[in-house]
Amino acid sequence: MGAGGMITKVVLLVVVIMVVLDGANAMSLCNVTEDGFTACKPSVTPPNPEAPSPECCEAVAGADLECLCSYKNSFMLPSLGIDPDLALALPAKCNVPSPPEC
């Protein structure tokens, strides 16, 4: 799998965590805070996703992508109403460099 595939998996994890933490207090995972996950939610939720906000892109850029990669095989995204294709597009839309492969 190339670096793009790893980024995709990382973004998927970020989105899953974002939804899980929605409503939680002061939690973070892999250097992404609850606020970061919340900022990205509108960009990965169909049917009318928004362009990622500067806050979302900041969360994606500041994430420990290798840490998030450990969640790459999550099956939870569709069950949480998250479109995996939208999630995978976040790094490119935010101009985030590709991390090393998982």
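The following legends describe an overview and two close-up views of a predicted model.

**Figure 1. Overall architecture of the predicted chain, with six helices and two strands.** Read from the N terminus, the order of elements is α-β-β-α-α-α-α-α. The chain has 102 residues, of which 41% count as buried. Of the contacts linking residues at least 6 apart in sequence, 72% are between residues at least 24 apart. Two disulfides are found in a search of the whole structure; each is shown in a view below.

**Figure 2. Close-up of the disulfide between cysteine 40 and cysteine 56.** The S to S distance is 2.1 Å. Cysteine 40 belongs to helix 2 (residues 34-44) and cysteine 56 to helix 3 (residues 54-62), so the bond ties together parts that lie 16 residues apart in sequence. The torsion about the S-S bond of this pair is about 105°, and the disulfide is therefore right-handed. Cysteine 40 and cysteine 56 are both buried.

**Figure 3. Close-up of the disulfide between cysteine 57 and cysteine 94.** Here the sulfur atoms of cysteine 57 and cysteine 94 are 2.1 Å apart. Cysteine 57 is part of helix 3, whereas cysteine 94 sits in the segment after helix 6 (84-93), so this pair ties together parts that are 37 residues apart in sequence. The S-S torsion of cysteine 57 and cysteine 94 is about -70°, which means that the disulfide is left-handed. Both cysteine 57 and cysteine 94 are classed as buried.

Notes. Residues are numbered from 1 along each chain as its sequence is written. This is a predicted model: local features need pLDDT of at least 70, side-chain atom pairs count only at pLDDT 80 or more; totals for chains, interfaces and linings use all residues. Side-chain values use heavy atoms; hydrogens and water are left out. A disulfide is a pair of cysteine sulfur atoms within 2.5 Å. Helices (H or I, at least four residues) and strands (E, at least two) are DSSP runs, numbered from the N terminus. Buried means under 20% relative accessible area, exposed over 50%, partly exposed in between (1.4 Å probe, protein chains only). Contact means heavy atoms within 4.5 Å.
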